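Let's take a friendly walk through this structure together. Please have the sequence and the 3D view open as you read.

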Amino acid sequence: MTISRRVFVKSGGLALVSLGLDPLFLARAAFASGRPTGRPSDRPTLVCLFQRGAVDGLNMIVPHGEAAYYQERPRIAVPAKDVVDLDGHFGLHPSLAPLKELWDNKSLAAVHAIGSPDGTRSHFDAQDYMESGTPGVKSTGDGWMNRYCQHDQEHANTPFRAVAFGPQLPRILAGSAPSLAIDDLQAFGLRVPQEAARDRLTRAFEELYDGAGTGLLASSSREGFEAVQMLKRADPTQYRPTAGVDYPPGRLGKTLLQIAQLIKADVGLEIAFADCSGWDTHVNQGSSEGQLSARLRELGLALAAFNHDLGDRMRNIVVLTMSEFGRTIRENGNSGTDHGHATAMLALGGPVNGGRVLGRWPGLGVEQRFEGRDVAVTTDFRDLFGEILARHQGAADLGSVFPGYTPDPARFLGAIRG
Amino acid sequence: MHFILAIALAAQGPASAPAPALTARDSAFHALNRLAYGARPGEADSIARFGVMRWIERQLDADHVPDPRLAAREREFKILDYDRADLAGRYRDAVRERQQMQREAAASGDSMRPRGPAPMREFRELGGELQQLAIVRAAISERQLREVMVDFWTNHFNVFVGKGADRFLLPSYIEETIRPRALGNFEDLLIATARSPAMLFYLDNAQSVAPGSAPPRPFMSPFRRRRFGMNETNEERQQRQRRQPTGINENYARELMELHTLGVDGGYNQQDVINVARIFTGWSIERPERGAGFVYHDWAHDQGDKVVLGQKFKSDGEDEGVQLLKFLANQHATMHHVSAKLCARFVADEPPDGCIDAAVAAWERSRGDIRTVLRAIFTSPDFWSAQAVRSKVKTPFEFVVSAVRATGVEPDDTPRLAQLVARLGEPLYQQPAPTGYAETEAHWVNSGALLARMNAAMAIAKDCSSIPAIDDHARLVDTIDQQLLGGTMSTHTRSVILEQITDLTDPEQARVMAVGLALGGPDFQKQ
């Protein structure tokens with residue numbers, strides 16, 4: 001019989017008062033009762049980074065073998081001599097050089113010409129579609145990651161199954177399945193110095209919200225208090241980065257460090273999501289050096305540090321970058337790029353079938369472009385997301401995750417090892 | 001006294017159809033939650049006596065509401081003494097001094113050297129005053145509706161303070177562009193934002209020029225870093241030329257239609273975006289690094305005719321942009337889009353059609369008079385319906401300010417409250433996306449944010465001055481219910497608070513605990 005966590009946490013609190021037992025011990029026991037077989041460290045984990053603002057895929061994964069790339073970008077193209085070559089045609093922006101060793105050991109793949117079948121060039125709309133998973137349909141209430149959690153409930157017995165790092169829950173995780181927003185792992189929970197007073201206050205607020213009925217306030221607070229209990233037990237911040245690993249300073253490095261801590265703490269993290277912003281390079285984008293280069297350097301260093309920090313555990317982890325659309329092939333009048341269509345994404349980790357640029361490359365010729373100006377989409381983002389959910393997370397029902405879309409393994413790119 | 005009666009007794013104000021169960025006091029509390037940042041102690045009673053509709057009319061006529069206390073507090077804020085050019089100068093000095101220090105540190109090989117008196121820190125503190133000022137105004141101004149509308153338009157016409165020159169352009173944007181027009185005419189406000197240096201910089205229109213256009217020589221590029229021709233090396237000249245804009249930038253054109261006016265479903269296409277961008281070529285800033293104002297460069301303007309939404313705009317220099325803004329401001333899609341946003345702010349996250357239609361009709365009638373549109377919303381039955389009352393969750397800003405007002409906390413001149421708002425997810429003026437901050441519950445309620453609100457509630461409770469320490473716990477909780485929650489405390493909340501303080505014999509401890517639980521609990525999250 002599975003004990004409801006809710007009932008348990010409450011009765012655990014009572015037990016503390018009446019019998020002097022450690023409710024956390026009991027909470028552990030309750031957690032274990034519903035736990036699937038297989039050690040938590042064997043659970044597949046997906047880490048998604050959303051590059052908000054639309055990253056310039058062409059300067060991230062550079063088609064240095066295309067003459068048109070250099071013709072259209074006289075001021076901002078990355079010179080071939082600076083590109084970290086991958087396959088003779090594409091190469092990494094030099095700031096992503098720390099990722100080259102992952103390419104060489106075949107745990108890094110790039111996907112080019114990927115994007116949405118919807119042609120919008122609005123950040124807001126395109127992000128919305130990428131998060132709802134329903135391009136062109138605005139009425140979708142929840143996000144595709146949340147729908148995955150709704151339909152594959154195998155790991156649903158932990159509040160840390162799906163965690164977004166940031167003060168707000170992003171659209172992609174909005175929905176009826178519990179998910180958690182954590183701004184800072186170290187400061188999560190009520191801030192009272194003395195432990196006894198903290199526990200007392202925590203119980204008081206828990207009681208208060210318990211009577212808040214059904215809505216979002218009630219369910220969110222419940223998830224929050226469950227998470228507080230578990231964090232107290234697992235204390236993920238005790239995990240220091242592996243010797244020699246340096247996360248870059250800044251929000252992204254700190255976030256990936258905390259994701260690594262949650263993974264090491266075995267609290268059942270299956271989906272982690274974080275934003276990284278600063279990609280909307282309309283003006284003075286730079287080429288090998290400059291604005292975009294600085295953002296990519298931080299990204300490359302943070303991903304490389306995460307990979308080294310988790311070491312052997314990367315065998316069950318896939319890290320995926322995504323961005324709402326790409327940018328114009330031709331540079332604009334301000335040495336920048338405007339909103340375009342297809343972009344590039346990166347997938348890395350043990351399960352990734354790496355060392356390859358995936359997806360059909362449409363070319364940059366005028367007649368090959370979307371609306372005559374942008375990189376055409378040859379891979380619907382749902383095919384990549386769907387493949388990762390099916391082959392890495394083991395999702396059983398992609399149809400309910402991407403309503404209105406018939407997932408067809410024949411369209412999968414082979415991003416995940418078979 | 002029932003609300004119907006209150007309206008009948010009110011000296012002015014159009015009739016509306018309030019929910020029958022709403023007492024005058026409940027109506028006053030509801031109006032204070034939506035048109036203001038919550039009730040101060042005793043305020044719901046006094047407004048009920050004054051007449052709710054009469055109070056609403058007074059709020060709409062903000063210029064005639066005396067506000068001496070705020071005026072006195074505003075004088076404490078140094079940032080209001082500086083204009084754009086002053087702030088630009090201070091920023092320039094700060095950057096120069098920081099560079100100098102970095103050079104010295106590099107020369108001495110000591111990167112860890114203490115930073116010394118940091119002008120950049122001083123500049124940041126000065127900039128931070130803007131956030132504190134927003135909280136002080138929202139908390140103590142008697143012109144509450146105006147403050148609510150300032151926040152609404154600040155988000156509707158969002159500018160991110162962290163982007164380049166907007167670090168010193170934003171204060172004048174808030175003071176001179178948004179605030180004087182918050183209850184004015186939409187078209188006027190739209191044009192003012194379009195011409196504001198802050199918006200021109202934020203959405204890149206300052207750098208949008210007709211392809212192939214070139215400035216007359218000698219050109220003082222607004223984006224140059226160094227005086228033209230002086231000791232310029234070849235490399236520097238090339239760099240300068242690279243920085244010179246050579247074509248249109250679509251950024252402002254797109255957000256103007258998607259966010260500021262028509263809405264994303266407003267029926268425009270990519271060609272419309274391009275043509276709008278062409279119309280605004282030449283709308284720029286005169287020497288942005290000096291904090292200078294709007295300038296129109298005819299040399300940068302696309303001289304061809306343009307078509308937007310099927311309407312032809314004949315080449316007419318700067319006036320073309322003004323004509324376009326007037327055209328967009330009066331499109332039905334714009335009226336509907338902005339009215340729906342207003343109703344989401346004042347009525348419900350998913351506002352009923354009735355109030356939106358009433359707002360649109362008022363907009364059409366008054367050609368975009370914001371007060372007329374608001375009056376239509378406040379007199380719409382949807383505003384007073386049982387579904388609307390206490391249906392909205394407060395944003396972080398609303399939560400903190402309403403807690404400050406209810407507890408009688410005097411917002412001080414430290415960044416403490418601004419930091420609280422930031423920690424709850426809404427650092428003021430720091431939304432990078434042009435959408436501004438969201439209004440709806442789904443954006444703000446999640447487990448982590450709720451825990452943060454509970455922490456904030458306990459912090460504010462310590463300073464509460466509106467609730468005295470009372471030995472009798474039942475009376476204490478009654479007082480809290482009346483003063484903080486307008487009598488809306490649920491029986492569950494009451495019993496949990498009583499249970500939690502039952503063993504606290506120190507009345508002061510019981511008071512802080514009870515107030516903290518009330519502010520951090522579910523009832524106070526709603527408005």
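Predicted model: local features only at pLDDT ≥ 70, side-chain atom pairs only at ≥ 80, totals over all residues.

Two residues count as being in contact when their C-beta atoms, placed from the backbone, lie within 7 Å.

Which residues of H24(B) are buried? They are Leu476(B), Val477(B), Ile480(B), Gln483(B), Leu484(B) and Leu485(B). These residues sit on the same side of H24(B), because they cover an arc of only 150° around the axis. In general, an α-helix has 3.6 residues a turn, so residues three or four places apart point the same way. Turned away from the buried side of H24(B) is a face that carries the exposed residues Ala474(B) and Arg475(B).

The length of H24(B) fits too: its 13 residues, 473-485, should span 18 Å at 1.5 Å a residue, and the end C-alpha atoms are 17 Å apart, which agrees. After H24(B) comes Gly486(B), with a positive phi near 60°.

Now look at the core. The largest nonpolar core has 268 residues, and Ala359(B), Ile377(B), Val400(B) and Ala514(B) have the most contacts inside it. Beyond its neighbours within four places in sequence, Ala359(B) touches residues including Leu342(B), Val373(B) and Ile377(B).

Finally, turn to where the chains meet. The contact takes 42 residues from chain A and 45 residues from chain B. On the chain B side, H23(B) supplies the largest share, seven residues. That side divides into 20 polar, 18 nonpolar and seven charged residues.

Methods
Residues numbered from 1 in each chain as written. Chains lettered and ligands numbered in written order. Helix = DSSP H or I, 4+ residues; strand = E, 2+ residues; numbered from the N terminus. Nonpolar A, V, L, I, M, F, W, Y, C, P; charged D, E, K, R; others polar. Core = buried A, V, L, I, M, F, W, Y, C linked by C-beta atoms within 7 Å. Buried ≥ 20, exposed ≤ 12 C-beta atoms within 10 Å, placed from the backbone. Expected span 1.5 Å × (residues − 1). Arc of directions from axis to C-beta.
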